[in-house]
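Here is a briefing on a predicted model. Look over the sequence and structure, then read on.

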Amino acid sequence: LGSVSRKVVENVNCPVMLIDIENLWENMARIFEHILIPYNGTTGSNKAFRKAISLASSIRAKITVLTCLEERSTFGLFKTKTNKKDFDNEYKLVTHEHVKLKKYSSQHGVSPDFKIIKSNVASHEILEFAEKNRIDLIIMGKKKFATRFEKTHYHSTIEDISKNFQG
């Protein structure tokens with residue numbers, strides 16, 4: 001360590017990460033071999049996708065884009081034909097969006113896998129997928145809630161994943 005680095009490490013009250021700049025990309029490639037991008041079509045998930053593609057391009061990491069489609073029941077307990085139609089329409093829209101993402105990523109030399117799964121609680125499905133598929137890093141875009149009511153009453157997928165991801 002240099003003298004400045006040594007003093008910082010010895011006197012700071014928080015974790016310090018020292019990086020070998022010469023081998024930065026090589027080291028990152030070993031750490032982040034498989035990156036998961038939960039994608040829901042929002043501006044935040046779009047930004048996360050673009051950042052992940054940039055990173056994957058630099059370190060040659062495998063990328064998986066995962067979209068969770070919620071199964072909804074019209075009357076609480078029963079699934080109807082209308083629910084099935086709505087789900088099928090949503091599935092088609094997501095597939096179309098994935099085609100756009102694939103085009104963008106191929107322009108950057110990256111070939112992600114795209115997965116669409118049914119879910120009741122997206123964060124649970126994302127965490128389960130990450131565990132089963134040996135994900136090293138999850139990159140998500142953050143949504144800003146507009147009101148205090150939203151912050152209080154809406155479940156945060158990002159918060160749930162950040163608390164429970166073991167990768």
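Helix 5 (residues 122-132) lies across strand 1, strand 2, strand 3 and strand 4. Helix 5 runs at about 150° to strand 2. Angles run from 0 to 180 degrees between N-to-C directions, with axes fitted to C-alpha atoms, for helices over the stretch in contact. Contact means heavy atoms within 4.5 Å. Helices (H or I, at least four residues) and strands (E, at least two) are DSSP runs, numbered from the N terminus.

- The open sheet has 4 strands in the order 3-2-1-4, with parallel pairing (at least two DSSP bridges between two strands).
- Strand 3 (113-119) and strand 4 (137-138) are the edge strands, each pairing on one side only.
- Strand 1 and strand 2 run parallel, joined by 5 bridges.
- I37 stands opposite V65 in strand 2.
- Helix 3 lies across strand 1, strand 2 and strand 4, at about 165° to strand 1.

**Nonpolar cores**
- A nonpolar core is a set of buried Ala, Val, Leu, Ile, Met, Phe, Trp, Tyr and Cys residues joined through side-chain atoms within 4.5 Å.
- Buried means under 20% relative accessible area (1.4 Å probe, protein chains only).
- The largest nonpolar core has 18 residues; I35, F49, I63, V65 and I139 touch the most other members.
- Strand 1 (34-38), helix 3 (43-59) and strand 2 (62-70) each supply at least two residues of this core.
- Helix 3 gives the most, with 7 residues.
- A second, separate core of 9 residues includes L36, C68, F129 and I138.

**Basis**
- Residues are numbered from 1 along each chain as its sequence is written, and side-chain values use heavy atoms, without hydrogens or water.
- Local features need pLDDT of at least 70, side-chain atom pairs count only at pLDDT 80 or more, and totals for chains, interfaces and linings use all residues.

Conventions
Buried means under 20% relative accessible area, exposed over 50%, partly exposed in between (1.4 Å probe, protein chains only).
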